[in-house]
Amino acid sequence: MNSIIFTAGARILVALLFVFSLFMLLRGHHLPGGGFIGGLLGAVAFIVYSLACGPAEAKSALRVSPEGIAIVGLGIALVAGLVSFLFGDPFFTGQWYWVGGDSYETSLFSLNTVLVFDIGVYLVVLGSILSLAYAFEEET
Amino acid sequence: MTSWLLVMPIAVPFATAVLAYLMRRAPSGRWISLTGSVLSLVASIALLIAVLNEGVIAAQMSNWDAPFGITLVADYLGVVMVVITAITGLATAVYALGEIPERIEHLGYHALFQTLIAGVTGAFLTGDLFNLYVWFEVMLISSFGLLVLGGTREQLDAGIKYVALNLVSTIIFLSGIGLLYGVTGTLNMADLREAVANAEDQTLITVIAMMFMVGFGVKAGVFPLFFWLPASYHTPTFAVSAVFAGLLTKVGVYAMMRMFTLVFVGDVGFTHEILIWVSLLTMLTGVLGAAAQTDFRKILSFHIISQIGYMTLGLALYTPLALMGGVFYLVHHIIVKANLFLVSGVANKLAGSTDLRRIGGLYKSSPFLAALFIVPAFSLAGFPPLSGFWAKYLIVKAAIELDAWFVAFIALFVGLLTIFSMTKIWGMAFWKPHPDGIDPVPERVPAKIRVPMMLPIIGLAIMTVVIGFFPEPFVQFAETAATQLLDPSDYVTTVLGAQR
């Protein structure tokens, strides 16, 4: 697609979409959002970029293969589930550490395995959607 | 720690898949996959021992109590399916060392294979209906990947048919889940048992039950929903087709057995009567379809369908003996059928084709392979004293006890036609001389490829013979499994009362 307006607009749009996708990822669990929707938004950012600058350029911007991203995401999600073994809880039980308090309302922020799982989901969704999208773009 | 016993058979193949994918371009990828398969087998045997000691075991994932969270359950039927999945997985992982070329390994064969095993295992262990749907999807996606790896024209053609029809089945299944949730407000299988029995609108329940029967029926490949199976199973690599043949349709049968003994038992006279006729037609059409084929794998594919009929018949007759026969049949069939597909792969390597008209001479040149073919082939046909004889014996006896003479007659008649197909393969691939004058001696294939391909065939053949000569413990196991299916009170109380 050779439109100057689109190419120029895409630069801002891609950045905005990406920030928004990370925002969605981080606000998940307690508020609407999470890894799945964040991953979809991230994929949209890359797809817009590849429409504006061409698939080859978008692929080099991604640096690693989308399939690799997806499978690493699967591994991260799995590890997040396995952590609860160390605490004697069943598989996938969320482990929480509250910083500066003892619950969602009182603490500043928390370290938890749920976010790790969500990051895994984010990468799986981003990777698999992108590998589909790039395959289609190569066809046409 | 029971929770982790239940998780490991699923988590190990997933972890293996991740590592095998990252290492897919290195030779270590295939050894990671093989190690993962060994560990899966260890994990599932650990689970088997736990179930043998404690009876039904269940665990709540993420610590959300049933019926709200996802429950993993293992009863006798579930655990034996997990073990047999791990055995088939290991056998085909060894076989793949010889068969799968590097080109296909680089595309991520081992990762997809391990994901498929994880999906199948998950389907056998889950106690939650929506989770079962998720496992079906995991299986569908990874099996589609395996089916088209290599990217030949036939494979893509088969892949499209396979995915399109399986998606239809999944959508029907999902709609059934949605309706069931609307009626009962729960999707935990143990919880559903009571909720379905107490539901006001039993007609709607029966309708939903039929949606499940169709959904699982496509997966299992019963009449008249089986046509995707012979259209696709002869195209992928032989290791893949062996896993498909052994495991995929059995997940459909398992799901049917689970749902129609645990949940949909309100109108057995209606639902299971339909299932009897479906089973008989499945057995007949499968075996007649096979008679018309001349391709090694296509004949075997049609036989999968015909054998599925026996298993669903065990469920349809709905007596302790029949269900026991069904469970026994399920286990025996996975071993035998996977093995026959593995044999067809070796025959292809030696003689150059799977088209029976274009090969021959295997008996004279490779008598050992011929002997290894005889064991699963005659077991499939139900020759005493191989495992298939006991499986058929139990089903036929159950039919006769119900005075269902017609059913018993069809079951025996289909067995006879199965012998016809097996002798056809025997005559054309093994006895007649090779049409091109090739001498298909084993030495035509380098030992590096031949040995890993023969080992799993030998192993599975030994299992068939062992089950045949010492059926006692296996029959007893199947009997307990059937008892648990017909009276799932243990299952229900364990799931709903399971803490940690």
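B:Glu102 and B:Arg30 form a salt bridge, their closest N and O atoms lying 3.9 Å apart; the term stands for a side-chain nitrogen of Lys or Arg within 4 Å of a carboxyl oxygen of Asp or Glu. The two partners come from distant parts of the chain, 72 residues apart: B:Glu102 sits in helix α4 (residues 102-106) of chain B and B:Arg30 in helix α2 of chain B. Side chains of opposite charge can pair when their charged atoms come close. Over all chains, the structure holds five salt bridges.

This is a predicted model, where local features need pLDDT of at least 70 and side-chain atom pairs count only at pLDDT 80 or more, while totals for chains, interfaces and linings use all residues. Residues are numbered from 1 along each chain as its sequence is written, chains are lettered from A and ligands numbered from 1 in the order in which they are written, and side-chain values use heavy atoms, with hydrogens and water left out.

**A helix pair in chain B**

- Helix α2 (residues 28-54) and helix α3 (residues 76-99) of chain B have axes that come within 9 Å and cross at roughly 160 degrees. Axes are lines fitted to C-alpha atoms, for helices over the stretch in contact, and angles run from 0 to 180 degrees between N-to-C directions.
- The two helices, α2(B) and α3(B), are therefore roughly antiparallel, a label for angles over 145 degrees.
- Their crossing is left-handed, which means that the near helix is turned anticlockwise from the far one by less than a right angle.
- Among the residues that meet here are B:Trp31, B:Leu34 and B:Leu41 from α2(B), and B:Tyr76, B:Val83 and B:Leu90 from α3(B); contact means heavy atoms within 4.5 Å.
- The residues of this contact between α2(B) and α3(B) divide into 18 nonpolar, four polar and one charged. Ala, Val, Leu, Ile, Met, Phe, Trp, Tyr, Cys and Pro count as nonpolar, Asp, Glu, Lys and Arg as charged, and the others, Gly among them, as polar.

**Chain A on its own**

- Chain A has five helices and two strands, in the order α-α-α-α-β-β-α from the N terminus on. Helices (H or I, at least four residues) and strands (E, at least two) are DSSP runs, numbered from the N terminus.
- The C-alpha atoms of chain A fill a box of roughly 55 × 30 × 20 Å along the principal axes.
- Helix α1 (residues 4-27) and helix α2 (residues 35-53) of chain A pack at about 165 degrees, their axes 8 Å apart, and α1(A) and α2(A) are therefore roughly antiparallel.
- The contact of α1(A) with α2(A) involves 18 nonpolar, five polar and no charged residues.

**Where the chains meet**

- In this interface, 16 residues of chain B are in contact with 17 residues of chain A.
- About 1400 Å² is buried between chain B and chain A, with carbon and sulfur atoms giving 78%. Buried area is the accessible area (1.4 Å probe) that two parts lose on being put together, summed over both.
- B:Trp4, B:Val18 and B:Tyr21 supply 39% of the area that chain B buries against chain A, more than any other three residues.

**Backbone details in chain B**

- The peptide bond from B:Phe223 to B:Pro224 is cis, with omega near -5 degrees, and B:Pro224 lies in the loop between α9 (202-220) and α10 (228-232).
- B:Asn63, in the loop between β1 (57-60) and β2 (71-74), has phi near 65 degrees, a positive value in a residue other than glycine.

Methods. Angles under 35 degrees count as roughly parallel, over 145 as roughly antiparallel, 65 to 115 as roughly perpendicular and the rest as oblique.
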